[in-house]
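Me: Got a model open here and a few geometry questions. Can we go through them one by one?

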Amino acid sequence: MADLVSHPDEVKLLSFRFGKGAASIEKYLELGGYASARKAIELGADGIVAEMKASNLRGRGGAGFPTGMKWSFVPKQSAKPKYVLVNGDESEPGTCKDRLIFEHDPHSVIEGVIIAGLAIGSRMGFIYLRGEYRYLLKIMERAIEEAYAKGFLGRNIFGSGLDFEVVSHTGAGAYEVGEESALMESLEGKRGIPRIRPPFPAVVGLYGGPTIINNAETIATVPHIFRIGGAEYAKLGTERNGGTRLFCLSGKLERPGVYELPMGYNLKKMIYEVGGGIPGGRKLKAVVPGGSSTPVLLPEEIDIGMDFDQVGKAGSMLGSGGVVVLDDTVCMVEFALRTMKFYRHESCGWCIPCREGTDWLEKTLTRFHAGGGQARDIDNIRYLAENMMGRTFCPLGDAAAMPTIAFVKKFRKEFEDHLNGAPCPYAHHREAALATV
Amino acid sequence: MSGDSSESKTIFSPALAARFDRLVGLYPVRRSALIPMLLYAQDEIGCISDEAVAEIARRIQITELDVRNVISYYSLLHTEPHGKFHVQVCTNISCMLRGGNELFEHCKRRLGVGNKETTPDKLFSLEEVECIGACSWAPAVQVNYDFHENLTPESMDRVLDDYRARS
Ligand SMILES: Cc1cc2nc3c(=O)[nH]c(=O)nc-3n(C[C@H](O)[C@H](O)[C@H](O)COP(=O)(O)O)c2cc1C
Ligand code: SF4
Ligand code: FES
């Protein structure tokens, strides 16, 4: 299974049980597990939401929406049952953190779902795992069984008089299904085509009932907030960006891995100290700071704190926490092409700007990278991408367009170099590149 | 409710049929069980055969066309059998930066097949896949559901040899 790493700068709050056998409920209980759920029962719905708001926790799935606020949007009264849905579809390239949570601390997800359920008055939660994570489904199923056996799930949980059911569920391969409304469609047994909003899931969601959808890391963080208190949790991070998060360091690094660092941790330090810097004495060329859909940053742009606001100010996004590091051997056109190939493959095809845009961009970038480019292609690529922005039913169109625009804007010279040296003028870096990893 | 679906003839093992009986009752609507059922059916019989489509449609109480529509959307679901060991090489960004493309080429040569092809002995099939959630341990490969990470062409050969020896 995936190796665990460690660095002295880490603040192991969410990950403190990793590697300790806490997938077993006995170990989880020994390490303080399910105490937060009991505390939450005492607090009641309003108390839970207040604590969540105090924590400044923002969603770890990508957009960074404040979790407490999301929960407060669910109407108190509802004719239809309410649901909690955990998003464990984890498919944004560069992201591999939820996997560790499911593997090492599945009960924290269950406990988080219970607390979310208490907060909104729901009696049923779903944990959706991507189909590729089959070994995790087994771990999750076993953990759920254990929780039922202890009376933490089912009838009269913790002797509170309340009932709560949790069901684990598997997808079958589709990035788009990670989008919240497509996720609900998929859980209802359909193709993962998004729904038009409004209405938002908090009002009309799964099976037509009010639903909160949170990323697996978001949910797994919840019990820790009740363990140390919302205000304490907030203090670990920066203003309006509470706590810690799991950063997935990948690419051209000495020590790639998933590290838990405080929100606002400096990106440069993350790369050079936590990740051990660039192998082989090569130079840093670019950083994709939050998964493949986030605009690339230049080396001179990385002296920033990694929270949603600071990365936003730098013109990119903190996204899903996937920090992908590129050195000077990488051809940016090829990198842009590989990114687009992914989005073209994953577009559900419902809206024309996304379906046609990703297809044309992949075709153009393929031809361009192979040496068949023309000067006007460079502006065309940017123009095509810019015209996808904000014109689609779900954010996948933007997710494909945003990085593309940044690649052209920030690495225009590399695009121009491809006009002269056919096919790829950077191809000779390849050998050197592979020698360093 | 048709509790009869398990009693009427099933093409699945008794254990899986029992699991299906339980699954359809687990959710507020039967149809929610569809995608897991398709995946588990495929795991047991190697692909989603016409018979599997028919039985699952009957169990969920939807049309076969509805079932096929769903199958065609999800990349893990397939109606033709793969090799006994389905080798899925990630070439997405994090893996690409650490030799994912070269690993994929190596697998092609080593197995003597192209993308989405199966060896004549039906032992191995090969597929280039998108990010499998192993970016920090790149380059990564999944064989059926098992992850293999931090691979080199040499360690990849050992992985393939191990599977061959197991067959
Ligand atoms: C195309 C697309 C794919 C997404 N994939 C995921 C995913 O795999 N996991 C995830 O948690 N959120 C994903 N999201 C974000 C979800 O739509 C949603 O915002 C998130 O699950 C909310 O959880 P949070 O508030 O805890 O971040 C995706 C969004 C889009 C547009
Ligand atoms: S933006 Fe793309 S993925 Fe989203 S609904 Fe439109 S076609 Fe589908
Ligand atoms: S990019 Fe290959 S596993 Fe994520």
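Me: How are α5(A) and α6(A) set to each other, and why call it that?

Reply: This is a predicted model. In it, helix α5 (residues 106–120) of chain A packs on helix α6 (residues 134–149) of chain A at an angle of about 55°. Angles from 65 to 115 degrees count as roughly perpendicular and those under 35 as roughly parallel, so α5(A) and α6(A) are oblique to each other.

Me: How far apart are the axes, and which hand is the crossing?

Reply: The axes are 9 Å apart, and α5(A) passes α6(A) in a right-handed crossing.

Me: Which residues make the contact?

Reply: From α5(A), P106(A), H107(A), V109(A) and I110(A); from α6(A), I139(A), M140(A), A143(A), I144(A), E146(A) and A147(A). By class, that contact has 8 nonpolar, 1 polar and 1 charged residues.

Me: Switching topic. How many cavities of 30 Å³ or more?

Reply: The count is 1. The largest cavity has a volume of about 80 Å³.

Me: What lines it?

Reply: The largest cavity has 13 lining residues, and nearest its centre lie E176(A), C348(A), C351(A), C354(A) and C394(A). The lining divides into 8 nonpolar, 4 polar and 1 charged.

Me: Backbone next. Where are the cis peptide bonds at P198(A) and P139(B)?

Reply: R197(A) to P198(A) is cis, omega near -5°, and P198(A) sits in the loop between α7 (180–187) and β4 (211–215) of chain A. A138(B) to P139(B) is also cis, with omega near -5°; P139(B) is in the loop between β3 (124–129) and β4 (141–143) of chain B.

Me: And what is phi at N56(A)?

Reply: Near 60°, a positive value in a residue other than glycine. N56(A) belongs to the loop between α2 (35–55) and α3 (67–72) of chain A.

Definitions and conventions
Residues numbered from 1 in each chain as written. Chains lettered and ligands numbered in written order. Predicted model: local features only at pLDDT ≥ 70, side-chain atom pairs only at ≥ 80, totals over all residues. Heavy atoms only, no water. Axes fitted to C-alpha atoms, helices over the stretch in contact; angles between N-to-C directions. Helix = DSSP H or I, 4+ residues; strand = E, 2+ residues; numbered from the N terminus. Parallel < 35°, antiparallel > 145°, perpendicular 65-115°, else oblique. Left-handed = near helix turned anticlockwise from the far one by under 90°. Contact = heavy atoms within 4.5 Å. Nonpolar A, V, L, I, M, F, W, Y, C, P; charged D, E, K, R; others polar. 1 Å grid on protein atoms, 1.4 Å probe; cavity = no way out; pocket = protein on both sides within 12 Å on 5 of 7 lines; lining within 4 Å. Points joined across faces, edges and corners; volume = space filled by probe spheres on them.
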